[in-house]
Every structure is written in C-alpha cells, then in structure tokens.
Amino acid sequence: MGFQKIVTLLLGMYSLTFYQANALIQIGILTRKNDTAKRTAEVMLHYAEEVFEGDLKVNVERYDSNPIGLYEAVCRLAEKGVMAVVSWGSSGEVIREADILTQLHIPLISISATSPGLKSHTRDYLLRLAPSDTHQAEGIFDILR
C-alpha cells in the first residue's frame, strides 16, 4: 500500500512538471547503512525511474545510525535538489529529518514512523503513511471494551 501512495505522489509531481522543458523529478531516499530490509523498496523505486523514462531520478543516501550521519545525509539530498524525500526511519529519526526538511520546504514521506509526537504545526512538510500509535491504542481499547 505504501508503494502505491509513493507512485501516486510521483505521478502528481510528474503532471506538475509535464509542461516544463527538460523537467526532472528528483526523489531522495534516506536509509540506514547496512539496512538490507529496505533494499527491495529501493529496487522498486529504481524501477520507477525506468517507467518514467528519464524524467525521474532516485537519489539514495545511506547514513550511520547517529544524528550527525543523519543530518549529513539529509543535507546531501537537499544539495542535490530533490523535490521530496522518502524515509523508513524510526519516529525519532523522522522527527529530526522533518525538522530539517520543513525548513527547506521539502516534503518528507515517512513510511514506517508511528509516534503521535510526529504531528506538529512546525512539521508542515511531513506526510506519513503509517497510522499513529494513538489509533492502534484506540482500536485495542475498543476491542477490549
């Protein structure tokens, strides 16, 4: 389901840039180094590059599991001119990523972060695909009631 939403977003970006000459959609991917579980998603997004026939560029940045490595990876993507960033990071990582990218007006698409603390008026550019833990807790409460 998450990949379908990403493709929908890419199609929307493509339609916005369709009439511009030499329009290139650049998407960033943030993932931890040695995180092999996310490789499948990377392969799928690189496949999307082929589908868009050169109008899409996927930039992958892998970072060490520390705040400095994360900040450096986010800044490298911003320097490359990405239009949006996709992240599989934890809620804590996504909060740090969103705080940087919101200041740069670059949307961040969070695939897996679920913390209720992600919702904030200061993170206008954060889109998350996973529901908040609050919704899961409410559902469990309703079942137990």
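Select histidine 105 to begin: at 54% relative accessibility, histidine 105 counts as exposed, because the cut-off for exposed is over 50%. Histidine 105 sits in the loop that runs between α4 and β4 (108-110). Look at its backbone as well: phi of histidine 105 is near 60 degrees, a positive value in a residue other than glycine. Most residues other than glycine have a negative phi. Keep in mind during the tour that this is a predicted model.

**The whole chain**

Zoom out and colour the chain by confidence. The mean pLDDT of the chain is 77, and 77% of its residues reach 70 or more. Which element has the lowest mean pLDDT, and which the highest? Helix α1, residues 2-17, has the lowest, at 56. Helix α3, residues 67-79, has the highest, at 91.

Now switch to a cartoon view. Five helices and five strands make up the secondary structure of the chain. Followed along the sequence, the elements come in the pattern α-β-α-β-α-β-α-β-β-α. The chain has 145 residues, and 40% of them are buried. Take the contacts between residues at least 6 apart in sequence: 53% of these contacts join residues at least 24 apart.

**Helices α3 and α4**

Next, select α3 and α4 together. The axes of α3 and α4 are 10 Å apart, and the two helices pack at an angle of about 40 degrees. That angle makes α3 oblique to α4. The crossing of the two helices is right-handed.

Show the side chains where these helices meet. On the α3 side, select Pro67, Leu70, Tyr71 and Val74. On the α4 side, the residues they meet are Glu93, Arg96, Glu97, Ile100 and Leu101. What kinds of residue form the contact of α3 with α4? Six are nonpolar, three are charged and none is polar.

**Serine 91**

Stay with helix α4 and select serine 91, which lies in this helix. Is serine 91 buried or exposed? Serine 91 has a relative accessible area of 17%, so it is buried, the cut-off being under 20%. Leaving out residues up to four places away in sequence, serine 91 touches Ala113, Thr114, Ser115 and Leu118.

**Glycine 89**

Move to glycine 89, in the loop between β3 (84-87) and α4 (91-103). Its relative accessibility is 3%, so glycine 89 counts as buried. Which residues does glycine 89 contact, once neighbours within four places in sequence are left aside? They are Arg32, Tyr63, Val94, Ser112 and Ala113. For one of these, draw a distance line between C-alpha atoms: glycine 89 and serine 112 are 23 residues apart along the chain, and their C-alpha atoms are separated by 6.8 Å.

**Serine 112**

Follow that line to serine 112, which is placed in the loop between β4 and β5 (126-128). Serine 112 has a relative accessible area of 34%, so it is partly exposed. Aside from neighbours within four places in sequence, serine 112 is in contact with Ser87, Trp88, Gly89 and Ala130.

**Asparagine 34**

For the last stop, select asparagine 34, in the loop between β1 (25-32) and α2 (39-51). Is asparagine 34 buried or exposed? With a relative accessible area of 71%, asparagine 34 is exposed. Draw one more C-alpha line, from asparagine 34 to arginine 62: these residues are 28 apart in sequence and 8.4 Å apart in space.

Note on methods:
Residues numbered from 1 in each chain as written. Predicted model: local features only at pLDDT ≥ 70, side-chain atom pairs only at ≥ 80, totals over all residues. Heavy atoms only, no water. pLDDT = per-residue confidence, 0-100. Helix = DSSP H or I, 4+ residues; strand = E, 2+ residues; numbered from the N terminus. Buried < 20%, exposed > 50% of the residue type's maximum accessible area, 1.4 Å probe, protein only. Contact = heavy atoms within 4.5 Å. Axes fitted to C-alpha atoms, helices over the stretch in contact; angles between N-to-C directions. Parallel < 35°, antiparallel > 145°, perpendicular 65-115°, else oblique. Left-handed = near helix turned anticlockwise from the far one by under 90°. Nonpolar A, V, L, I, M, F, W, Y, C, P; charged D, E, K, R; others polar.
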